[in-house]
Amino acid sequence: MSKPPDLVQGTLDLLLLKILALEPLHGWAISQRLKQVSGDELQVSDGSLYPALHKLELAGWITAEWKTSELGRRAKFYFLTRAGRRYLDQETAHWHRLTTAISRVLALKEI
Amino acid sequence: MRRWMHAIPARLKAIFLRRRIERDLDDELAFHVAMQTRANAREGMAETEAYRRARVEIGGVEQVKERSRDVLPLRWARDAMQDVRYALRGLRKTPRFTVAAVLTVVLGVGANATIFSVLNPLLFKPLPYPEPERIVNVFRTSPQSDRWPHSMANYLDHRARNTVFEQLVALTWENTSFAEPDQPAERLFELRTTGNFFALFGVAPLMGRTFNDADDQTGAEPVVVLSYGFWQRRFNGDAGIVGRSMRLDGRNATVVGVMPRDFEYPLFWGTIDLWRPFAASATLRQDRGNNYLREFGRLKPGVTPDQADAAMKALGKQVLAENTLFDQREGLRIEALSLVNPVMRRMSAYAFGLTFLVLLIACVNLANLQMARTAARAREFAIRGAIGGGKGRLLRQSLTDSLVLSLIGGSIAIPLSFWCTRLIAGQQFADLPGVRVTLEPVTLVFAFACAAVTGLIFGAVPAWLASRADINDVLKQNPQSMTAGRGPQRFRQGLIVAEIAFALIILAGAVSLVRGLQRITAVDPGWRAEGVLTARLGLAGPNYTQLDARRAFVDTLHDRVGELSGLSSFAIASSTVPTSPFGSSTTFRVEGREDPVLAYNERVSPQYFDTLRIPLLRGRTFTPDDRAGRTAVMVINETMARVLWPSEDPIGKRIGFRGGQNPNWREVVGVVGDVTFPSFGASSSVDTPFEVYQPLAQTGTGAINILLRTTREPESVASDLRRIVSAIDRDLPLYGLITGTAAEQRQTAQLRLLANVLGGFALLGLVLAALGIFGVVSYSTAQRAGELGMRMALGARQSVVLWLVLRQGVGLTMVGAGVGMAGGLALGRVLSSLMPNLPAPEFSIVLGAFAFMVFVALAAFSIPAWRASKTNPMLVLRHE
């Protein structure tokens, strides 16, 4: 029901933006994609997915459109906006800096 | 920022297209579930299992929706609106609770705001002068009274030699005749003061300048400063007034300035048309025998009133020691400046304390009602918690309930207090010019906040507990038979006890204060005001500088008034009806005694005592034969006779004047009853000073008061009097026409107001307590309807059920009333120890209050009990 404890705060947003950067998807497809790409390492419940998507939508990073899905049923498809792409780039760079720094610290040898 | 291109429409949509958002959310989740169901089915699950799993995997569709809604903007506003709607629905469903709670808020908030607003201008508004706390009164004291005025010579000594005052001012109220050529004369109210008056009160003039010590020099050019009201009324706010000359009492005086509107403060000073410096003559400056001046001082920075009191007492002793002709027992005393006298002030403060008790009762009421209601809703809260209502959200619902209640109550209370305040202001302050009684927003907010906070606390805590309760425990219980746990029930019973006790304390306190006030007003004034009419005029100006001229005027006036029809008696005197202390006092010497005697000094015509119905106790009163040239005589009051000659006959004794070679002995020819003035002095025993009466024909007077006893309409007598006076001298205006009863009532207006306020409080406390008891008991009895119906179905008689409910009530009432009685007696003792005029705590009062309270409380218990006993058992059982 709640966010998985191992997912760093804010990283779910980053993952969602990245997935949507590849192609527009509806909610269920995003959840499938998340499971696919991250394997069992990142447990994201579907319950957390939708509020997160709606938050990104309200922030203007993504936008949504109702379109007919592959099954002929109407589904809500999410797109990355241009501002969202810039935000993703920025956050990706930030993520890299952060993880590099942390890795470097963790690589220190104990004397 | 580009993002706003998308973000703003998305947010607007979320705010304004609420339905659409909800529908999208439904569709989106339904789609997800459908897809997941298909995926599950493909893995080989049965259709229904696949659907169920899909819904579980998403983590509960409703919960996801709720969390998604959390993300939306203005979430709180939408929730609040929903909460309000829900609260209103809930309140409609429990009308008895709602009415009791709203009434509590209305009475508690409304009454407190009103009462504070009425008392506020009298008690708490500082005088409109800079640093008013540094301004004090200086009074002269003697064994007979502690509020004597001063003589000019004493004042000058005090002013020159004190070390504690920045400024020390002397002043007196005068009536001035303002007569422009060829226009009818007009009576003006004047404050004649020393030159430093404006320096003390520290307010700049609106126009021109104020006067100063230079204008107060002997023989200085006469100047006046006008009040705003007079300037507007008489000169239509003429901007060129400064520099103009006015003919006052037949002499020209130059207008040098106009004071701003607020400076007048008629509640304290009375109506003031103008201020004028004494510019005292050398003779007046040395006059130690005539005491008619009020002294006001502004303390030096850092000097406390107590230090000033000690310093002035010492100075008073010195001055007396240098003037051995005067009573050495006299002293000086400092009193803080205040609109109302100290006893009134203290009493009002207690009355104000009682308002807090009333507010406390109101709060206890709300607490009680809220707790009863929350206990009854525990089941609802548990269910809502179970189906996804967040704890915070539930709590907020409780808070909203309380706030909605407070708001409904407040929206009734605010217009109601506006209306009441205006009503009281109109009734009580109509003849006090310049008192602005207005609703104080601060009070309203305060009382309102108290009610709201109580509602919040006592609504929220049980709600929070309820939402934490184990859902299964709660649901297993029968909703109707469910009674609150023992703890909360005890607490509620405690609140009822507290409520009864508070109401009883208020009742007892209010009754003993009212009795105290009655005692003050019930003091026999020594004269009869009914049927008396009085009017004044002043003999000033060039025509009346000679004593003979003044006497001639008085004789003519006396003759002409005597010709009027319908008078049973009439008199001319130097003071008006004695509703307040006589105008002047003098130090006398008594033949054969060393110590001087201070007494009120009143000059009256022969029928004075008959007119006011002051009884003659010994000897005789004045006759027309007591004229100039005959034996000088005087009449004294009973107390003076008793103190001076305890074992001798006062008739034939001689009393004279201090100072000078010749004491001008006067022979005492009669003793009359004491005239007493309502005394609020801290020392209650000195309210009957010595009173000396001299025949007007042997003394003369500048101030003339016509007193008459008549059965005619006051208006018609008044016009006759005006005609008579203007026939003698058309430049002399007659003024201050008032009946004795009206004058007396004006004097006691504050006391009556206070008594009414206190009575109102006691009533309010009772009503609130009864309301609270009624509300809670009827609510909890309704909760027990199932149990009671069951008992009756099993054969319990109606009377048994009635008693069952009532029994609890009797117990609580007795405990509450017992506590209240003890509290009431304790309060009474505190009050009477602080105020000498109050009666000692009377057991009968408290016992009466106790009986009354028990009656009210039992009535509040009986109604719901009776209703419960009338329930049809079948209905209840079916309901189960």
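Guide: A term first: a crossing of two helices is left-handed if the near helix is turned anticlockwise from the far one by less than a right angle, and right-handed if clockwise. Bear in mind, too, that this is a predicted model.

The part to look at is helix α2 of chain B, residues 18-42. Start with its length. At 1.5 Å a residue, the 25 residues of α2(B) should span 36 Å. The C-alpha atoms at its ends are 36 Å apart, so the two values agree. Just after α2(B) comes B:Gly44, with a positive phi of about 105 degrees.

Now find its partner, helix α4 of chain B, residues 61-71. Two packed helices are described by the angle between their axes and the distance between the axes. Here the axes come within 11 Å and cross at roughly 140 degrees. Angles over 145 degrees would count as roughly antiparallel, and 65 to 115 as roughly perpendicular. α2(B) and α4(B) are therefore oblique to each other. Their crossing is right-handed.

Which residues meet there? From α2(B) come B:Leu25, B:Leu29 and B:Val33. They face B:Val61, B:Val64, B:Lys65 and B:Ser68 of α4(B). By class, this contact has 5 nonpolar, 1 polar and 1 charged residues. An α-helix has 3.6 residues a turn, so residues three or four places apart point the same way.

Next, look at what is buried. In α2(B) the buried residues are B:Glu28, B:Leu29, B:His32, B:Val33, B:Met35, B:Gln36 and B:Thr37. Within chain B, the buried residues of α2(B) pack against α3 (47-57) and α4. They also pack against chain A, at α2 (27-38), α3 (46-59) and β3 (74-80).

That leads to the contact between the chains. It takes 25 residues from chain B and 23 residues from chain A. On the side of chain B, the elements giving two or more residues are α1 (3-16), α2 and α4. The largest share, 7 residues, comes from α1(B). By class, that side has 11 nonpolar, 6 polar and 8 charged residues.

Technical notes:
Residues are numbered from 1 along each chain as its sequence is written. Chains are lettered from A and ligands numbered from 1 in the order in which they are written. This is a predicted model: local features need pLDDT of at least 70, side-chain atom pairs count only at pLDDT 80 or more; totals for chains, interfaces and linings use all residues. Axes are lines fitted to C-alpha atoms, for helices over the stretch in contact, and angles run from 0 to 180 degrees between N-to-C directions. Helices (H or I, at least four residues) and strands (E, at least two) are DSSP runs, numbered from the N terminus. Angles under 35 degrees count as roughly parallel, over 145 as roughly antiparallel, 65 to 115 as roughly perpendicular and the rest as oblique. Two residues are in contact if their C-beta atoms, placed from the backbone, lie within 7 Å. Ala, Val, Leu, Ile, Met, Phe, Trp, Tyr, Cys and Pro count as nonpolar, Asp, Glu, Lys and Arg as charged, and the others, Gly among them, as polar. The expected span of a helix is 1.5 Å times one less than its number of residues. A residue is buried if 20 or more other C-beta atoms lie within 10 Å of its own, exposed if 12 or fewer, and partly exposed in between; C-beta atoms are placed from the backbone.
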